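Please take me through this structure step by step, telling me what to select next in the viewer and what I will find there.

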Amino acid sequence: MRMSSLFVRTLRDDPADAEVASHKLMVRAGLIRRVASGIYSWLPLGNRVLRNVAQIVREEMDEAGAQEVSLPIAQPLDLWKRSGRDEAYGDMMFRVKDRKDNWYAMAPTAEEVVTTLVAGEYSSYRDLPVNLYQINWKYRDELRPRFGVLRGREFLMKDAYSFDADLAGLQQSYDAMYAAYTKVFTRCGLTFRSVKAQSGEIGGDTSQEFMAVAAIGEDAFVWCEHCDYAANTEAATRRPAPEVAMPDLPARESVHTPDMPGIDVVAEHLGTTADLLMKSIAFDVDGDLVLALVPGDREVNEYAVAAAFSPASVRLYTDADFAAHPDIPKGYIGPDFAGAARTIADDSLRAPHGWVTGANRVDHHDRNVVLGRDFTPSDWAEIVVVEPGDPCPNCGEPLRIDRGIEVGHVFQLGDKYSKSLGAMYTDDGGAEHPMVMGCYGIGVSRILSAIVEEHHDEQGLCWPASVAPYQVHLIVIPGRGEGGAAVLAAAEQLYADLRERGVDVLFDDRDVSPGIKFADADLLGMPVHLTLGAKGFAKAIVERKIRATGVRDELDLAAAVEIVAHEGAR
RNA sequence: CGGGAUGUGGCGCAGUUUGGUUAGCGCGCAGCGUUCGGGACGCUGAGGCCCCGGGUUCAAAUCCCGGCAUCCCGACCA
């Protein structure tokens, strides 16, 4: 493609309505233009990236055995009434009316249509499994569209739906999609982790979200850079410290700490630090008082405590609870408080030192309270809220807490839609059952935001080669001398030869100053920049710059085509 | 839906407080000339329903009322 005829106008200034880098750059580089809130036109460069990402998704879906279809965007609202999701989606759904006053939903997703489709075609166990997917525009009237195409009201989504005879089959379909997603996001150049989103009823992991690590992400999560561990902040745990023998420690002693229910005040008063204190947090577990023991500098993860006593009903003690139990010395509870039915201790309490704890009476703390000698918890678990730097439960390396962009979601649906929409099959014994479904989404347009967030610098975009609009940005600087025509001709030849060799080239053949060409090339961010100027031409070399790394070298003009075609952005 | 902010040539902005000439600046665009390896320069020019509707006034981009749109924070959703 020639820059002289490419439909693009790069902007020097950041658009006024953009806050984050990806949005600013996608507008400045001429990939997208806003039409309405959360609704964008895709210009040639943006559309090429969109197509490239979609193609990666398509290849991996096909490879995983899914079959591509195209389902309607305008879907009869009656279908949504049948599944009960007309109400559930509410104002989130765009609705349109035809000339006969029939209402249609503009697809926010396609479970209804695809389930009805399969129900009409398949009815035997011999037909299953089947997995259908499409890459199509979706519409959700978000309360707050954000950050360009990151959260749009119109967005390109890949949605896949698997139909199996039983849960074992579903698990296979789900695993295949999970594996395909990992390939997709890897190929797109994203740093990502899959996070368990929900576990439960059907058994095992029923839902996992793929999060691209990004500071502007809408959800915080804990992850490890050195292995594939990742978890919601509520579900995250850390590796317990190794057990060490308890040394001989001085005897427990009580100290007067009047009016000091707070950790920091006590620590200061006793000349120690919060991490050497122990907190005893009161919980109500099915009506019993249960103490959760954690170091003074850490927070209790209520979710983890609840999980440890599942299926009992677990809640933090409230002021009302304390009021109802005046015998409990709020703020001064110790790990051996007699009124506690059980105590659950965080594994970090095995540390080989005595603790400062509540003395089980108001205005007093004890010091040199030693595990095994002065108190013995009934239960052990990882119950502190994980903080950055805590050891990874898998590999022990320091954990990070970052924000993520949800770029994909895999979900085991079960029979919710097959039941309500009649997707049944007959087994080999003649009995009828609902098909067991899974659904799997990838935010294709959102991936572009995620890629740009990860791959850009001060100068502009730095596309991974796998999704770049063009592989090579060819710049010609003919210079002012007599030889300009020859340089231009050589660049034309280079352009023709590269294309002949199958390389996607953007050729800046415009008659503008070198500064503009270089600045635009950096902004547009093709992986490889080739510059042919008068000086280089005289030496029969062409300059190469790898956009992402900034590494430059010179290639022999005669060999350049082969080298570039062979090496790409390596 | 609550809070905050903003709407002025294609883009970024000034002007609005204190109403008053032909509404200005930078970028971009067109023409001519000089430039030509990191967003060159000079001259000339085109391009405006100052978001929309109503009101006040001799006079409104500017003041008042009512809308609409866009962005940010929150809530909501997942």
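This is a predicted model: local features need pLDDT of at least 70, side-chain atom pairs count only at pLDDT 80 or more; totals for chains, interfaces and linings use all residues.

Residues are numbered from 1 along each chain as its sequence is written, and chains are lettered from A and ligands numbered from 1 in the order in which they are written.

**Stop one: a hairpin**

Select residues 32–36, which are strand 1, together with residues 39–42, which are strand 2; the two pair in the antiparallel sense over four bridges. Helices (H or I, at least four residues) and strands (E, at least two) are DSSP runs numbered from the N terminus, and two strands pair if DSSP finds at least two bridges between them. Click on R33 and you can look for its bridge partner, S41, in strand 2. Two residues lie between the strands of this hairpin, and G38 in the turn has a positive phi of about 75°.

**Stop two: helix 2 and helix 6**

Now select residues 44–63 for helix 2 and residues 167–187 for helix 6, whose axes are 9 Å apart and which pack at an angle of about 155°. Axes here are lines fitted to C-alpha atoms, for helices over the stretch in contact, and angles run from 0 to 180 degrees between N-to-C directions. Angles under 35 degrees count as roughly parallel, over 145 as roughly antiparallel, 65 to 115 as roughly perpendicular and the rest as oblique, and helix 2 and helix 6 are therefore roughly antiparallel. Show the side chains of I56, V57, E60, M61 and E63 in helix 2, which meet A180, K183, V184 and R187 in helix 6; residues are in contact if their C-beta atoms, placed from the backbone, lie within 7 Å. This contact of helix 2 with helix 6 has five nonpolar, no polar and four charged residues, where Ala, Val, Leu, Ile, Met, Phe, Trp, Tyr, Cys and Pro count as nonpolar, Asp, Glu, Lys and Arg as charged, and the others, Gly among them, as polar.

Move on to the open sheet of five strands, which has the order 28-27-29-30-31 and mixed pairing. Strand 28 (505–508) and strand 31 (552–556) stand at the edges with a single partner strand each, so one side of each has no neighbour in the sheet. From one strand to the next, the twist averages 25°. Select residues 472–477 to see strand 27, which runs parallel to strand 28 and is joined to it by four bridges; within this pair, H473 has L506 in strand 28 as its bridge partner. Helix 12 lies across strand 27, strand 28, strand 29 and strand 30 (541–546), and runs at about 165° to strand 27. Helix 13 also packs on the sheet, where it touches strand 27, strand 28 and strand 29, and its direction makes about 175° with that of strand 27.

How values were computed
Two residues are in contact if their C-beta atoms, placed from the backbone, lie within 7 Å.
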